[in-house]
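These are my notebook entries on a structure that I looked up.

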Amino acid sequence: MNFPILSSLILLPTIGALFLLFLKDKNSNTAKYVALFSSFVNFLISIYLWFLFDPSTESFQFVEEKEWLKGFINYKVGIDGISILFIILTTFITPLCVISVNNTIKNRLRDFLIAILVMESLMIGVFCSLDLVVFYLFFEAGLIPMFLIIGIWGGARRVYSAFKFFLYTLLGSVLMLVAIISIYWVAGTTDIVQLYELGIDVKYQNLLWLAFFTSFAVKTPMWPVHTWLPDAHVEAPTAGSVLLAAILLKMAGYGFIRFSLGLFPVASDLFTPLVYSLSLIAIIYASLVALMQEDMKKLIAYSSVAHMGFVTLGIFTNTQQGIEGSIIQMISHGLVSAALFLCVGVVYDRMHSRLIKTYGGLVSVMPKYSILFMLFTLAALGLPGTSGFIGEFLILMGTFKDNFLVAIIASLGVIFGAAYMLWLYRRIVFGNLINKDLLKIPDLDNSEKFILWNLAIPVLFFGFYPEPLINTIEVSVKHLIEMYNFNLNISMIEVQE
Amino acid sequence: MDNLNFISAEIFISLSIMFLLTLGVFKKNSSNLIHNLSIGILLITGILILNNPFDKNISLFTGSYVIDYLSSYMKILTILGGAFVLSISTKYLKLFKIFLMEYPILILCSILGMMVMISSNDLMVFYVGLELQSLALYVLASFNRNQLKSSEAGLKYFVLSALSSGLLLYGCSLIYGFSGSTNFNVIGDTMNSINYGLTFGIVFILVGLAFKISAVPFHMWAPDVYEGSPTPVTLFFAIVPKVAALTVFIRFLYVPFLSMIEQWQPILIFLSIASMIFGAVAAIGQNNLKRLVAYSSIGHIGYALAGVSIGTNEGIQSSIVYISIYLVMNLGLFSCLFMMKRDEQYFEKIDDLSGLSKNHPVLSLSLLIILFSLAGIPPLAGFFAKFYIFKSVIEQSMYFLAIVGLLSTVIAAFYYLKIIKVIYFDDQKEKYDTDHSIWLRISLTFSTLLILLYFIFPSKLVEIVSKINII
């Protein structure tokens, strides 16, 4: 048997966390180096994995299967073109989070690093599990570290936000658990690969789809269950917000592609109008709300809701461009929103205020910061040449193919996006420097520069040259759509007969 | 004489009780010795039970007493629970000056009663066992006789329990009157048509049993008794009698009355749903940890009953898995409660946990794991317990029960989160003592590790339990 590379990806951060747990010396530096080391090694392994990955086949690769719940469920992991990108995103963001704790986390650093590393393990697990129960296990377990991250290291209203985050997500997911167990009794297995082949009886699909949808809609978050997100983002520490925005939200998008489209094509087709309308409301409504925010973190949180609206829109167009666009948009949003939250974190650490009106005229005191912040602002509004553009463009292209009116309304969202992002930038960076306290703050230090440049490079690189991303996902997406259309046609024929 | 071989465990424990009583009378200051001896006696009893053949169903005394896999497993569970309770309660009892020789003897008595209950296959034998364990429990509840609350708890438990025993006896007499026998198998054989007299009998017995495991709406005694009793007794109440009563539930419903499942299933579903919802909602307002445990145990019993209500072997097995994991979780939770001691005083308010994570990181990490497990969050053991229950519930397409159950998990998660919030998010208070006894440390480590690492070998417990086939 080959080396279990995926399991080691999942386990390595946890081993790092265990090591931290038994660290006698609570000296912050040792703990940080241990965490950095294990997460960075994990990143190298995932890059190596990408190198080994064969993009020309649609079947799952690096599959590991082990008996787990006897005669019932096997521990099964494996990746295809869609999951590998999310794994790399996770392993890429985590070391940056670890570096960023330098300035933000003052107390109980070791515990914080343990939470982040455990979180990384669980998130990688979500993206590579090939069994519904295993997936659910990782998906739900992530609530524990995130609850603690928000609750222990968060801001003033952290308790409220942590509870809201936990209970909303849990309430969404329990229905998914019912659905997963039902799938086991209906189809006889929870193995995704087998389920793809067997298909699920059409008469159960609608209810099962709705149960999965509830869970993913809360996690995405889609309007009207998005209200936990702004609270969680505002109160979470910077590294927590980064993890939340960059990776946690992507679990839902990934779930939509892998489960909703893959397992319930007929129901997905039926409910597409529902997803379209919720996505459009999310895009327009969240953009308008973002325009009116006075808190920077809240503004970016609402922009996340709008961007995820684009993602769900693209996924349910069921076109090659739409789904590819959604995946690239998710990767891009992972990088850009992480960077934006870090940008907010940078000025928050210096001024201890997230209110926009505290700032203004930062360009004269923090020129380097202003340049990087501008780059990410432009990427967030989807300027050509940044990865944000590729994603949005492909999504809109796919949507135009499917439904003209929806695409027109969604395009409005792009304009709103430009409006709130540019306005935010103008109010913070340009204008007169009124607040005299701002004169004393230093520009980016080395670690901040390192983190932000590291995020800027892939944003620009994939903006100009998205080939590597598209190459990786192309075959898998094509296969998904073929399977989808095939199942849909079969059910149409059955209905006609 | 052959019959006596199989009940050597029961005989041994009864002889030991008599011996210990005599020892206590003739030897002064022997409570420490008797305490240690009774732990040893429990372990030997456990070995004697393991000595019985596991794969056979042995019917003794003209069918009124059975030794089978179910009874052996549940007896072992009872004995383990009892042994852990005895081993971690010493310090508490000494502090309250109630470290008396009667305490371990009473616990042994009630365990003997439960063993009889677990093996009983006859209404009379079952009632004798039930009363033996109840009588011991009345005394145990009021064991801290210097405190008003403890005496009140004992009296309350006694009055209400006597009432429920009366109902139960009335049910027994109805069943005897309509079927002509008290033996479970004979009742099952003679019953050829649905008989409303029998249904009434079942209902009365179910009421009595529901009282013993504190299922809603017969739960009123539980919070007061849990709060008033000395903490070790509360732990005993929370885990051990439930194991025994659940076994009787299973045997009584499945051996004679399986064919009447349509009559009793709705009752059980109601008990289960009401307990799950009430346990979740009522616990939210609690401030005392022991009271909170009472409500949470009501909720957990609801899940175990959901498994019993299904009417399949898988359902019974899932419910037994549930009660086993529940036992371990409560053991861990109470071990933490015993560790909250400062200046010769035990603390049991939720607020007393405030900021515990800063002073006692290991203790709070264990509590965190135990509480998330009680809330049923994966990958901890509590999740698997619920998972098995819902797996068998959904197999029978009982979606309503499954969805109500899972939604009440979310409500219940709220109050567990509230405790975690106090531990981790609030400001710290004074430190607690750290000179815990070795047994306390062992039971906490044992239960925490079991809960945390359960997901690595989740099928071990199920494999053991899957040999229980009642139907």
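**Entry 1: a covered helix**

How many of the 27 residues of α15(B) are buried? I found 25 of the 27 to be buried, so that α15(B) is mostly covered. I counted a residue as buried if 20 or more other C-beta atoms lie within 10 Å of its own, as exposed if 12 or fewer do, and as partly exposed in between, with C-beta atoms placed from the backbone. Helices here are DSSP runs of H or I with at least four residues, strands are runs of E with at least two, and both are numbered from the N terminus.

I then checked the length of α15(B), which covers residues 313-339. At 1.5 Å a residue its 27 residues should span 39 Å, and the end C-alpha atoms are 40 Å apart, which agrees. The expected span is 1.5 Å times one less than the number of residues.

**Entry 2: source of the model**

I noted that this is a predicted model, in which local features need pLDDT of at least 70, side-chain atom pairs count only at pLDDT 80 or more, and totals for chains, interfaces and linings use all residues. Residues are numbered from 1 along each chain as its sequence is written, while chains are lettered from A and ligands numbered from 1 in the order in which they are written.

**Entry 3: two helix pairs**

Axes are lines fitted to C-alpha atoms, for helices over the stretch in contact, and angles run from 0 to 180 degrees between N-to-C directions. Under 35 degrees counts as roughly parallel, over 145 as roughly antiparallel, 65 to 115 as roughly perpendicular and the rest as oblique. Nonpolar covers Ala, Val, Leu, Ile, Met, Phe, Trp, Tyr, Cys and Pro; charged covers Asp, Glu, Lys and Arg; the others, Gly among them, are polar.

In chain A, the axes of α13 (residues 296-317) and α18 (residues 404-429) come within 11 Å and cross at roughly 160°. I therefore recorded α13(A) as roughly antiparallel to α18(A). Their contact has nine nonpolar, three polar and no charged residues.

**Entry 4: where the chains touch**

I found 23 residues of chain B in contact with 25 residues of chain A; contact requires C-beta atoms, placed from the backbone, to lie within 7 Å. On the chain B side, α19(B) gives the most, with 12 residues. By class, that side has 17 nonpolar, two polar and four charged residues.

**Entry 5: backbone details**

Most residues other than glycine have a negative phi, and most peptide bonds are trans. I looked for departures from this.

- A cis peptide bond joins A:T220 and A:P221, with omega about -10°. A:P221 lies in the loop between α9 (202-219) and α10 (228-235) of chain A.
- A cis peptide bond also joins B:V216 and B:P217, with omega about 5°. I located B:P217 in the loop between α10 (196-212) and α11 (221-228) of chain B.
- B:E344 is not glycine, yet its phi is positive, near 60°. B:E344 is exposed, because 7 other C-beta atoms lie within 10 Å.
- B:S397 has a positive phi near 55°. I found B:S397 in the loop between α18 and α19 of chain B.

Terms used: Contact = placed C-beta atoms within 7 Å.
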